[in-house]
Amino acid sequence: GENMKTKTETNRFVVFLFVCYAFVVLAITLYPTGHIFLPDFSGSRIQTSFVPFLKFKEALTTIQTTGLPGGAQDSLRQVLKYIVTIAYGFIANVVMFVPLGIFLPLLSRKMDGLFKVTSVGFAVSLMIELSQIGVMMLFFASKRVFDIDDLIANTMGAAAGYIFYAFFHAVLRPVKRLAQA
């Protein structure tokens with residue numbers, strides 16, 4: 001009766017939110033000239049990277065070789081700005097996939113574990129990263145490139161989303177039972 005109708009409406013709403021989320025993620029990740037919704041924080045160094053955390057390592061190496069004396073402070077300031085930009089991008093990629101880790105178990109009972117959700121997060125991220133290579137080839141001026149750090153960050157985000165979901169699911173389940181008693 002009434003409880004089933006409410007559950008169906010809730011499921012439809014979750015599906016609607018997921019479709020909106022998926023659209024935003026695809027728009028952000030595949031739009032050829034950068035982020036369609038967000039300002040471009042990528043800076044001028046846009047390159048494909050298959051080595052994990054290479055950009056961080058390069059920035060730290062530059063700091064070690066530049067040091068602090070005299071006129072090097074300007075270049076050090078640039079390197080620090082670059083590190084903040086890299087960190088922002090990494091964190092943004094983690095945050096972008098947190099909702100995926102929440103939506104998957106809400107949309108499918110088969111998505112009932114951290115490994116499954118993290119694996120799907122990895123697969124979705126890999127598809128996006130490979131698609132970015134295609135976008136780059138279609139639009140020669142594209143800012144879309146394959147970056148292993150994005151794959152790592154997205155996968156971490158999906159895992160964090162599932163952990164968030166599992167925690168609240170475990171906390172709210174006894175509360176829901178008490179309310180129904």
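Author: Contact here means heavy atoms within 4.5 Å of each other. This is a predicted model, where local features need pLDDT of at least 70, side-chain atom pairs count only at pLDDT 80 or more, and totals for chains, interfaces and linings use all residues. Residues are numbered from 1 along each chain as its sequence is written, and side-chain values use heavy atoms, with hydrogens and water left out.

Reader: Of the contacts between residues at least 6 apart in sequence, what percentage join residues at least 24 apart?

Author: The chain holds 181 residues, and 30% of them are buried. For contacts between residues at least 6 apart, the share joining residues at least 24 apart is 73%.

Reader: Is N154 buried or exposed?

Author: N154 sits in helix α5. Buried means under 20% relative accessible area, exposed over 50%, partly exposed in between (1.4 Å probe, protein chains only). Because N154 is at 1% relative accessibility, N154 counts as buried.

Reader: Which residue's backbone oxygen does the N154 side chain reach?

Author: Beyond four places in sequence, N154 is in contact with N93, M96, F97, S125 and E129. A polar contact is a pair of N or O atoms within 3.5 Å; within protein, one must be able to donate a hydrogen and the other to accept it, and residues adjacent in sequence count only if both atoms are side-chain atoms. At 3.0 Å, the N154 side chain reaches the backbone oxygen of N93.

Reader: And S49: which residue's backbone oxygen does its side chain reach?

Author: S49 lies in the loop between α1 (2–30) and α2 (54–66), and S49 counts as buried because its relative accessibility is 5%. Leaving aside neighbours within four places, S49 is in contact with L54, F146, D147 and I148. Its side chain reaches, at 3.2 Å, the backbone oxygen of V51.

How values were computed:
Helix = DSSP H or I, 4+ residues; strand = E, 2+ residues; numbered from the N terminus.
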